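Hi,

Here is the structure I promised to pass on.

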Amino acid sequence: MTDFTELLTPDNSQLLFIDQQPQMAFGVQSIDRQMLKNNVVALAKAAKVFDVPTTITTVETESFSGHTYPELLAVYPEHNILERTSMNSWDDQNVRDALAANKRKKIVVSGLWTEVCNLMFALCAIREGGYEIYMVADASGGTSLEAHKYAMDRMVQAGVIPVTWQQVLLEWQRDWARKETYNATIGLVAEHSGAYGMGVDYAYTLVHKAPERVKHGQRIGPNPAA
């Protein structure tokens, strides 16, 4: 049985990306697609910071779905990409073997589409593999708001735990006293977390007088016109 009270840690979890490919993203209507890609890349960078094992799987790359986002591949430039024909990643033995090799029962999942590839994998991985699935709702997308919502509802009823990418990041960090990952975590927040990231930049530079993250030209003015 899944222990819903157990927190995610860098040592008890692994990450799976399912079909983060352009043709799949074209069909997404449940979330702004630029925001989707931002969240996917942020989640990947978070896993890299905490050395969380990550698997990338794709479907029909050459014939339909297109190549995985370059921004995601840039985080893992030497990773193998597991190509499939099935909509369900669980049906591919290479995927099963990769997940089993990581020896971690908690799988954080980000994929497209929520109601198809994510749902089928999650239900099968729980039923047949005994895995615990943490579905990253804001790093996944469906073909409509309803499709995403009801797929998430169905998965939750089956024991899937819904999360968001920033929640996963901060759960992995857990304690700001963990200085070995502190700066990288704050850097991710500043780059990818919208208003929260803006607030971090403001507090660091205006309140704590830290240097700005980006060097820029000289600030000139003001010089009111006559």
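Helices here are DSSP runs of H or I with at least four residues, strands are runs of E with at least two, and both are numbered from the N terminus. Before you read on, note that this is a predicted model, where local features need pLDDT of at least 70 and side-chain atom pairs count only at pLDDT 80 or more, while totals for chains, interfaces and linings use all residues. Residues are numbered from 1 along each chain as its sequence is written, and side-chain values use heavy atoms, with hydrogens and water left out.

Back to α8, which covers residues 165-173 and has W165, V168, L169, E171, W172 and Q173 buried. By buried I mean under 20% relative accessible area, with exposed over 50% and partly exposed in between (1.4 Å probe, protein chains only). Those buried residues pack against a whole set of elements: the strands β1 (13-18), β4 (106-111), β5 (132-136) and β6 (161-163), plus the helices α2 (33-49) and α9 (179-192). Contact here means heavy atoms within 4.5 Å.

Now the overall picture. The protein chain has 10 helices and six strands. Its radius of gyration is 19 Å, close to the 17 Å from the globule rule for 226 residues, so the chain is as compact as a globular protein of that length. (The radius is taken over C-alpha atoms, and the rule is 2.2 Å times the number of residues to the power 0.38.) The C-alpha atoms fill a box of roughly 70 × 40 × 35 Å along the principal axes. Of the 226 residues, 46% are buried. Among contacts with a separation of 6 or more, 79% are between residues 24 or more positions apart.

In helix α6 (residues 114-129) you'll find M120, which is partly exposed with a relative accessible area of 29%. Leaving out residues up to four places away in sequence, M120 touches M87 and N88.

Most residues other than glycine have a negative phi, and most peptide bonds are trans. D19 has a positive phi of about 55° without being a glycine. D19 sits in the loop between β1 and α1 (22-26) and is buried, at 0% relative accessible area. D51 also has a positive phi of about 55° and is not a glycine either, but this one is in the loop between α2 and β2 (54-59) and counts as exposed at 65%.

There are cis peptide bonds to look at as well. One joins L112 and W113, with omega about -10°, and W113 is in the loop between β4 and α6. Another joins G221 and P222, with omega about 5°, and P222 is in the segment after α10 (194-207).

Cheers
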